[in-house]
Amino acid sequence: LSKKYDVVVANIVADVLVMISRDLKKCLKDNGILILSGILDKHIDKVLKKYNNLEEVEVIQKNEWITVVFRNKQEFN
């Protein structure tokens, strides 16, 4: 994970998003956008908690599925 990106998208179940949160955040450029989807509504709190150091831009829900858009407001080294 030596490269940094403007936009990162991960459509994976919540448990995996929690496990790889450090790596996903680390590969974001300053002000980069992270889009997480594949999250069941009953697991959204643990995902939001793990990414709470990012700015939450939008939460989109369709039935029981949730997508969250974050913005990186700091550098992760």
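Guide: The model is predicted, so local features need pLDDT of at least 70 and side-chain atom pairs pLDDT 80 or more, while totals for chains, interfaces and linings use all residues. Residues are numbered from 1 along each chain as its sequence is written, and side-chain values use heavy atoms, without hydrogens and water.

Visitor: What makes S3 and S4 a pair of strands?

Guide: Strands are DSSP runs of E with at least two residues, helices are runs of H or I with at least four, and both are numbered from the N terminus. Two strands pair if DSSP finds at least two bridges between them. Strand S3 (residues 55–62) and strand S4 (residues 65–71) are joined by seven bridges and run antiparallel. In one of these bridges, isoleucine 60 has threonine 67 of S4 as its partner.

Visitor: What lies between S3 and S4 in the hairpin?

Guide: Two residues separate S3 from S4, and asparagine 63 is in the turn. Asparagine 63 has a positive phi of about 55 degrees, although it is not a glycine. Most residues other than glycine have a negative phi.

Visitor: Why is asparagine 63 called exposed?

Guide: Exposed means over 50% relative accessible area, buried means under 20%, and partly exposed lies in between (1.4 Å probe, protein chains only). Asparagine 63 has 62% relative accessibility, so it counts as exposed.

Visitor: Why is asparagine 31 called partly exposed?

Guide: Asparagine 31 has a relative accessible area of 47%, so it is partly exposed. Asparagine 31 lies in strand S2 and also has a positive phi, of about 65 degrees.

Visitor: Why is the aromatic pair of tyrosine 51 and phenylalanine 70 called stacked?

Guide: Rings of Phe, Tyr and Trp (its six-membered ring) pair if their centres lie within 6.5 Å; planes under 30 degrees apart count as stacked, over 60 as edge-to-face and the rest as tilted. The count comes to one aromatic pair. The ring centres of tyrosine 51 and phenylalanine 70 are 5.6 Å apart and their planes stand at 20 degrees, so this pair is stacked. Tyrosine 51 is in the loop between helix H3 (44–50) and S3, and phenylalanine 70 is in S4, 19 residues apart. Both tyrosine 51 and phenylalanine 70 are buried.

Visitor: How do you know that lysine 25 lies over the face of tyrosine 51?

Guide: A charge sits over a ring if NZ of Lys or CZ of Arg is within 6 Å of the ring centre and within 35 degrees of the ring normal. Lysine 25 is at 5.6 Å from the ring centre of tyrosine 51 and lies over its face.
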